[in-house]
Amino acid sequence: MKKFTFAAIAAATVVMMNSCGNGTPKANLKSDVDTVSYAIGMAQTQGLKDYLVGRLGVDTVYMDDFIKGLNEGANAGDDKKKAAYYAGIQIGQQISNQMMKGINHELFGEDSTKTISLKNFMAGFISGTTGKGGLMTVDSAAQVAQDMMRRIKAKNMEKEFGPNKKAGEDFLKENAKKEGVKVLESGVQYKVIKEGTGALPKDTSLVKVHYEGRTLDGKVFDSSYKRGNPADFRANQVIKGWTEALVHMPAGSVWEVYIPQELAYGERQQGADIKPFSMLIFKIELLEVDKAK
């Protein structure tokens, strides 16, 4: 017999929660079909309670109401009007219990006093669903949402991690005055430890490098030297500050590179050691350049 699981059919069946009768029907197992019907029904509930509580936010105090809706949905048959209504209820609850919470956490972190506008969210959601009355296209909305979420997140992150940004700016301002430190147009700074005479990479070149990265307080967060193996990648497959340094760096060179936070990870946290708005310092040893690229 084909195995059905609640997880596989939940999205399709939970929307159909409403019918006749509020209680549990009384089982009457007079035949093999009766018995298999009961057994299949019970088997489908494996993990259901956890799904209801964890995914749908159902309070088990109200299980009688869930059963009422369940009976109505199961007995609705192919009534398309009811199916549409139940689907709307389910998606609306997902918006309330999952989407809104997830978006708010993404934008505002642990600050539970802030929230996006449910009214405007629903206005956009409904316009996008019906294709009517939209103030922008779905594609342009996705780009606007991405850009503005990044802007709002950065603004909120700067309140918490602004000191990191200032510390990096102050360091780079003073570092630029030091003997031997050169400043690229992008703002990346470097000091030559060893001058190479090999090929100059393009941004698409495949390079082999040894490196060590540390934060402004001197903490080493990554090192190919410690792993004992150099890294291979294309020069444009790393943070912008790295790419900027590499395309100015002849093979055989060893540089100490100072990367402003906006050319590193910006407002993003990277692992446990690189906090938002952190400028980074790297020792980069360019071993090889694939000239064919």
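These legends describe close-up views of a predicted model. Residues are numbered from 1 along each chain as its sequence is written, and side-chain values use heavy atoms, with hydrogens and water left out. In this predicted model, local features need pLDDT of at least 70 and side-chain atom pairs count only at pLDDT 80 or more, while totals for chains, interfaces and linings use all residues.

**View 1. Helix α5 packs with helix α6.** Helices (H or I, at least four residues) and strands (E, at least two) are DSSP runs, numbered from the N terminus. Helix α5 covers residues 80-108 and helix α6 residues 118-130; their axes lie 12 Å apart, at an angle of about 120°. That angle makes α5 oblique to α6. Axes are lines fitted to C-alpha atoms, for helices over the stretch in contact, and angles run from 0 to 180 degrees between N-to-C directions. Angles under 35 degrees count as roughly parallel, over 145 as roughly antiparallel, 65 to 115 as roughly perpendicular and the rest as oblique. From α5, Ile91, Ile95, Met99, Met100 and Ile103 meet Leu118, Phe121, Met122 and Phe125 of α6. Contact means heavy atoms within 4.5 Å. By class, this contact of α5 with α6 has nine nonpolar, no polar and no charged residues. Ala, Val, Leu, Ile, Met, Phe, Trp, Tyr, Cys and Pro count as nonpolar, Asp, Glu, Lys and Arg as charged, and the others, Gly among them, as polar.

**View 2. Helix α5 also packs with helix α7.** Helix α7 spans residues 138-175, and its axis is 8 Å from that of α5, at an angle of about 55°. The two helices, α5 and α7, are therefore oblique to each other. Glu106, Leu107 and Phe108 of α5 make the contact with Met149, Ile152, Lys153 and Asn156 of α7. The residues of this contact of α5 with α7 divide into four nonpolar, one polar and two charged.

**View 3. Alanine 83 is found in helix α5.** Alanine 83 is partly exposed, with a relative accessible area of 23%. Buried means under 20% relative accessible area, exposed over 50%, and partly exposed in between (1.4 Å probe, protein chains only). The C-alpha atoms of alanine 83 and leucine 172 are separated by 62 Å, with the two residues 89 apart along the chain.

**View 4. Strand β6 pairs with β2 and β7.** Two strands pair if DSSP finds at least two bridges between them. Strand β2 (residues 189-194) and β6 are antiparallel, over five bridges, and six bridges join β6 to β7, also antiparallel. Valine 257 stands opposite phenylalanine 282 in β7, and tyrosine 190 stands opposite valine 257. Lysine 283 in β7 is the bridge partner of glutamate 256. Six of the six residues in β6 are buried. Val254, Glu256 and Tyr258 point one way from β6, and Trp255, Val257 and Ile259 the other way.

**View 5. Strand β3 is joined to β4 and β7.** Three bridges join β3 (residues 206-215) to β4 (residues 220-223), which run antiparallel. Arginine 214 stands opposite valine 220 in β4. The two strands β3 and β4 form a hairpin with four residues between them, and glycine 218 in the turn has a positive phi of about 95°. Nine bridges join β3 to β7, again antiparallel, and histidine 210 stands opposite glutamate 285 in β7.

**View 6. Phenylalanine 277 lies in the loop between β6 and β7.** Phenylalanine 277 has a positive phi of about 65° although it is not a glycine. Phenylalanine 277 is buried, with a relative accessible area of 5%.
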